[in-house]
Amino acid sequence: MTDDNEPSESTAVYLRFRRVFGDGSSRSSDARKRATREPGSSVPFGAGRDPEGLGSIVDALTSRLGWSSPLARSELLSSWAQIAGDETSEHSTPVGIEEGVLTVRCDSTGWATQLRLMRVQIMTQISVRYPDAGIDSIRFEGPGAPSWKRGPRSIPGRGPRDTYG
């Protein structure tokens with residue numbers, strides 16, 4: 001500062017620049033709006049600007065929308081041959097998944113019994129390959145017996161028993 005109580009030329013320039021550029025209250029309202037960044041606005045070379053593969057984008061989308069469990073279940077049903085083995089899959093078919101229980105229909109009661117003995121190995125394969133499927137247990141069913149309650153010639157009543165005896 002000089003004797004006249006006036007700032008030096010460099011101090012005056014600094015104070016003027018500070019008043020024009022550095023003090024937010026002296027800017028116009030448009031300048032203040034432009035200076036504030038909205039959350040989520042993109043900045044060149046900023047975080048999140050690198051290109052991503054399509055697979056990672058689809059994975060993020062399915063997990064955000066909660067589709068990972070239904071997709072894992074449908075993939076499990078379609079790849080039964082890899083889980084159970086080729087010979088076993090020829091004699092068994094996954095029917096559906098309901099409340100964490102995978103239902104598998106077998107060609108014969110012998111195959112159903114054999115698969116019941118293999119339950120631990122099959123559950124291990126499922127939990128390793130498809131952890132998002134949410135499978136808690138497996139139910140193996142043999143072939144169904146014919147039903148006398150349905151069909152073109154069924155009538156209400158006890159069924160075939162009332163014709164005997």
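Predicted model: local features only at pLDDT ≥ 70, side-chain atom pairs only at ≥ 80, totals over all residues.

Reader: Which residues of α8 are buried?

Author: Helix α8 spans residues 119-129, and I122, M123 and I126 are buried in it. Viewed down the axis of α8, the buried residues fall within an arc of 100°, so they line one face of the helix.

Reader: And the other side of α8, which residues are exposed there?

Author: V120 and V128 are exposed on that other side.

Reader: What does I126 touch?

Author: Setting aside residues up to four places away in sequence, I126 touches L76, I83, L102, P131, I135 and I138.

Reader: Which residues of the largest nonpolar core touch the most other members?

Author: That core has 18 residues, and those touching the most other members are L76, L102, I122, I126 and I138. Two or more core residues come from each of α4, α5, β2, α7, α8 and β3.

Reader: Let me step back to the whole chain. How many helices and strands does the chain have?

Author: The chain has 8 helices and 3 strands. Starting at the N terminus, the order of elements is α-α-α-α-α-α-β-β-α-α-β.

Reader: What share of the residues counts as buried?

Author: Of 165 residues in the chain, 16% count as buried. The accessible surface of the chain is about 13,100 Å², and carbon and sulfur atoms account for 53% of that area.

Reader: Now the charged side chains. How many salt bridges does the count come to?

Author: The count comes to 2 salt bridges. In general, side chains of opposite charge can pair when their charged atoms come close.

Reader: Which residues are linked in that network of salt bridges?

Author: The network links R105, R139 and E141. R105 forms a salt bridge with E141, and their closest N and O atoms are 2.9 Å apart. R105 lies in strand β2 and E141 in strand β3, so this pair ties together parts that are 36 residues apart in sequence. R139 also forms a salt bridge with E141, with 3.3 Å between the closest N and O atoms.

Reader: How accessible are the two arginines, then?

Author: R105 is partly exposed at 41% relative accessibility, and R139 is partly exposed at 43%.

Reader: What is T103 in contact with?

Author: Apart from neighbours within four places in sequence, T103 is in contact with T93, P94, V95, G96, R139 and E141. Among these contacts are R139 and E141, which belong to the salt-bridge network.

Reader: Tell me about P94. Where does it lie, and what does P94 touch?

Author: P94 lies in strand β1, residues 92-98, and counts as buried at 15% relative accessibility. Not counting residues up to four places away in sequence, P94 touches L77, W80, L102, T103 and V104. The C-alpha atoms of P94 and R139 are 9.7 Å apart, while the two residues are 45 residues apart along the chain.

Reader: What about T88, buried or exposed?

Author: T88 is buried, with a relative accessible area of 9%. T88 is found in helix α6, residues 86-90, and touches W111, L115 and M118 when residues up to four places away in sequence are not counted.

Reader: Lastly, the surface. Which residues form a nonpolar patch there?

Author: V13, F17, V20 and F21 form a nonpolar patch, with about 390 Å² of accessible area together. V20, one of these residues, lies in helix α1, residues 9-22, and is partly exposed with a relative accessible area of 43%.

Key:
Residues numbered from 1 in each chain as written. Heavy atoms only, no water. Buried < 20%, exposed > 50% of the residue type's maximum accessible area, 1.4 Å probe, protein only. Helix = DSSP H or I, 4+ residues; strand = E, 2+ residues; numbered from the N terminus. Arc of directions from axis to C-beta. Areas by Shrake-Rupley, 256 points an atom, 1.4 Å probe, with all protein chains shown as cover. Contact = heavy atoms within 4.5 Å. Patch = residues over 30% accessible without salt bridge, like charges linked within 9 Å, V, L, I, M, F, W, Y side chains within 5 Å. Salt bridge = Lys/Arg side-chain N within 4 Å of Asp/Glu carboxyl O. Core = buried A, V, L, I, M, F, W, Y, C linked by side-chain atoms within 4.5 Å.
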